[in-house]
Amino acid sequence: MDASLSILIVEDDLRMRQLLRDTLAAEGLLSEACEDSREALRILDAQKVDIVITDLMMPQVGGMEILERARGNNPDCAVILITGYGTIESAVEAIRKGAYDYVQKPFEPDALVLIVRRAQEHVRLLHENRALRRQVEEMHSEELIGTSRQMVDLKNFLAKIAPFDTTVLIQGETGTGKELVARLIHQWSARRDRTFLPINCGALPESLLESELFGHVRGAFTGADRDKKGLFETVDKGTLFLDEINSISPAFQVKLLRVLQEGAYLKVGGRDPQKVDVRIIAAGNVPLQKEVEAGRFRSDLFYRLNVVPVEIAPLRERREDIPLLVHHFLAKYGAKYAKSVQTVGARALERLRGYSWPGNVRELENVIERAVIMAENSELKEVHLPQTAAPDEDKMSDQDGLVSLEEMEKRLILKTLEHTGGNRGRTADILGISPVSLWRKIKKYEA
């Protein structure tokens, strides 16, 4: 969730204004509170506001005018209306005019926070999709950094399957980039101008998952005072990425299977099937075949999802991509933090290449971000790396514990350089080779 999204509260009643601000602050959500609705209009004209919480009925300027101005200046702005008794019809009219949602007084603080959290997610998704559309021409396969055989094969495979409107199952360890692969499939498909929506099934409680995905009808359960669109309906004609699909319950697996088989679903509490045209891309952080064998995942759903399987190799199996990834993240975080870190020291790079990376590319990115922050000059050195990113010597050899002659020569050169404090002349003397030969070998091994 992006906590940096700006929130403006417009409320002329002092107690209500303080309640709104304090409720959000208790959840770590910072907001700007405005008493005068005319001043709120000036703020909306002067700066970009992501979320507006406004009373519907106020002197001078009412909530409807605030809504129009906010949405006029920023179409992505999510406006939440605070309504009193007798103003529900006006609130519904505001929803038709583009308001995100409304809260009726008196309200539970938790209800307000939930709506604001959803509004944040809504705005964030709008921002992400707009940015992705701008990058369509630039994105392509360079976003999958790497020239290893595994990455070249993956890029070619994605280019072949993306245009075909079929279900895809992505499997790979945590941090390998499953969501990025799903985004690329969407961007290279005919649905590229429609919505791409990632949902982490493991992050939603079972009681909310069905309502969030399928929506509900009024009266379906306590608190369901109106019909609510589900994410399937919201993403119609687009792509829905269901991450951690292995975490959904057997009961929900049946309902998801129906969507895949019939292209239809039932809202919670509803009786009429809702037709939907959504491309499903699913991903699991554990092998789904094993989940099927263990009886935790339906075999018929697995086969429906596994029409086109995509496997992402862990980073430890494509270590040759690590230098490219390191420099990619150097540029990214150097720009973010205004640091001019441009090179990686030999020992630092060797350490990065020798580590097994259980958290994969995501872990590497986090390590480089921290290292860029810690670096004092233009070179990233071993001292800037956390102790956890230590080389795994056993991973650098084959299953029998043997290494190639080239690998042994490389290690010997590195150890000798370390012994001499980086003195290449002394290193060449100890190794019994000429300085020119040493220079060539260092260049060859990137030592």
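Helices here are DSSP runs of H or I with at least four residues, strands are runs of E with at least two, and both are numbered from the N terminus. This is a predicted model, where local features need pLDDT of at least 70, side-chain atom pairs count only at pLDDT 80 or more, and totals for chains, interfaces and linings use all residues. Residues are numbered from 1 along each chain as its sequence is written, and side-chain values use heavy atoms, with hydrogens and water left out.

- In α15 (residues 346-354), the buried residues are Ala 348, Leu 349, Glu 350, Arg 351, Leu 352 and Gly 354. Buried means under 20% relative accessible area, exposed means over 50%, and partly exposed is in between (1.4 Å probe, protein chains only).
- In α9 (residues 206-214), the buried set is Leu 209, Glu 210, Ser 211, Glu 212, Leu 213 and Phe 214.

**Nonpolar cores**

- The largest nonpolar core has 30 residues, and those with the most contacts inside it are Leu 213, Phe 232, Leu 240, Leu 242, Ile 245, Ile 248 and Phe 297. A core of this kind is a set of buried Ala, Val, Leu, Ile, Met, Phe, Trp, Tyr and Cys residues joined through side-chain atoms within 4.5 Å.
- At least two residues of this core come from each of β7 (196-200), α9, α10 (231-234), β10 (239-243), α11 (250-262), β13 (279-284), α12 (288-293) and α13 (299-305).
- α11 gives the largest share of this core, at five residues.
- Leaving aside neighbours within four places in sequence, Ile 248 is in contact with Cys 201, Leu 209, Gln 253, Leu 256, Phe 297 and Leu 301. Contact means heavy atoms within 4.5 Å.
- Another core lies apart from that one and has 24 residues, among them Leu 315, Ala 348, Leu 352 and Val 361.

**The sheet**

- Five strands make an open sheet with parallel pairing, in the order β7-β10-β13-β6-β14. Two strands pair if DSSP finds at least two bridges between them.
- β7 and β14 (308-311) are at the edges with a single partner strand each, so one side of each has no neighbour in the sheet.
- On average, neighbouring strands of this sheet are turned by 20° against each other, direction ignored.
- β10 and β13 run parallel and are joined by four bridges.
- Phe 241 sits opposite Ile 281 in β13.

**Cysteines**

- Searching the whole structure turns up zero disulfides, counting as a disulfide a pair of cysteine sulfur atoms within 2.5 Å.
- Cys 77 is buried at 1% relative accessible area, and Cys 201 is buried at 4%.

- Most residues other than glycine have a negative phi, and most peptide bonds are trans.
- The peptide bond from Lys 105 to Pro 106 is cis, with omega near -10°. Pro 106 is in the loop between β5 (101-104) and α5 (109-134).
- Lys 237 isn't a glycine, yet its phi is positive, at about 75°. Lys 237 is in the loop between α10 and β10 and is partly exposed, with a relative accessible area of 37%.
- Glu 244 isn't a glycine either, and has a positive phi of about 50°. Glu 244 is in the loop between β10 and α11 and counts as partly exposed at 23% relative accessibility.

Key
Axes are lines fitted to C-alpha atoms, for helices over the stretch in contact, and angles run from 0 to 180 degrees between N-to-C directions.
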